[in-house]
Amino acid sequence: MLPHLDAAYGYARWLTRDPVQAQDVAQEAMLRALRYFHAFRGEDAKPWLLRIVRNTWLDLARRHAAEKVPLEEIEDRAGDGLDPEQSALAGDRRRQIAAALAALPAEAREVLVLREIEDLSYKRIAVVLDLPIGTVMSRLARAREKLAAGLRGHLERRGHGLPDM
C-alpha cells in the first residue's frame, strides 16, 4: 500500500479541499488499511486503499459536520518547457483547471479526480465508489460537461475584460 500513499493523499486533498485535513484523512485511512489488512483479498491495492480514503473522509465529514473549506492555494508548478512565457501560461492553465475542478460538487469532483488524475479504470472507480459501472460512466460524462462549462465561463469572463474569480 505504501506505493499508493501519494495517490491516497492526492485523492484526500481533492475530497477535502484542504491540505491539512487531507493529511489527516490520508493518515487515518492508512491506519485503517493497516488495521484491516487481513480483510484484503489480494485484489488491486490502489482502489481498495482509495475506497478506504473515501470512507474515512465521509466518516470524518459526518462526525464533524463542518462546512468544507475552499481550496485556498493551488500548487504552482513550473511547466516542462524552458520558455518562461510557456511555463507561466501552463501554470495559469493548471490553476484555471484546478479552480474549475474545485468548484464542482463533491460527487462530480471525485469521479473526475479518480479517472483523470489517478487514472483509474471505470471498473476500479466503481469499486472505490461502490457504484455500478454504468453509473460511474454517466457521472463522469456529466462531470466532464460541468467542468467544461465552468472553464468556458471562466475563459469568457477573461475574454470580456472581467476580473478573474
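Helices here are DSSP runs of H or I with at least four residues, numbered from the N terminus. The model is a predicted one. Ala-108 is part of one such helix, H5, which spans residues 106–117. Is Ala-108 buried or exposed? Buried means under 20% relative accessible area, and Ala-108 has a relative accessibility of 8%, so this residue counts as buried. Along the chain, Ala-108 and Leu-147 are 39 residues apart, and 8.8 Å separates their C-alpha atoms.

The next helix to look at is H6, made of residues 122–129. Its buried residues include Ile-125, Ala-126, Val-128 and Leu-129. These residues lie on the same side of H6, because the arc they cover around the axis is only 165°. Just after H6 comes Asp-130, whose phi is positive, at about 55°.

Two other helices can be read as a pair. Two packed helices are described by the angle between their axes and by the distance between those axes. Helix H1 covers residues 5–16 and helix H2 covers residues 19–35; they pack at an angle of about 130°, and their axes are 8 Å apart. Angles over 145 degrees count as roughly antiparallel and those from 65 to 115 as roughly perpendicular; H1 and H2 are therefore oblique to each other. Their crossing is right-handed.

Which residues meet where H1 and H2 come into contact? From H1 they are Leu-5, Ala-8, Tyr-9, Ala-12, Arg-13 and Thr-16, and from H2 they are Pro-19, Gln-21, Ala-22, Gln-23, Val-25, Ala-26 and Met-30. Sorted by class, this contact has nine nonpolar residues, three polar ones and one charged one.

Key: Residues numbered from 1 in each chain as written. Predicted model: local features only at pLDDT ≥ 70, side-chain atom pairs only at ≥ 80, totals over all residues. Heavy atoms only, no water. Axes fitted to C-alpha atoms, helices over the stretch in contact; angles between N-to-C directions. Helix = DSSP H or I, 4+ residues; strand = E, 2+ residues; numbered from the N terminus. Parallel < 35°, antiparallel > 145°, perpendicular 65-115°, else oblique. Left-handed = near helix turned anticlockwise from the far one by under 90°. Contact = heavy atoms within 4.5 Å. Nonpolar A, V, L, I, M, F, W, Y, C, P; charged D, E, K, R; others polar. Buried < 20%, exposed > 50% of the residue type's maximum accessible area, 1.4 Å probe, protein only. Arc of directions from axis to C-beta.
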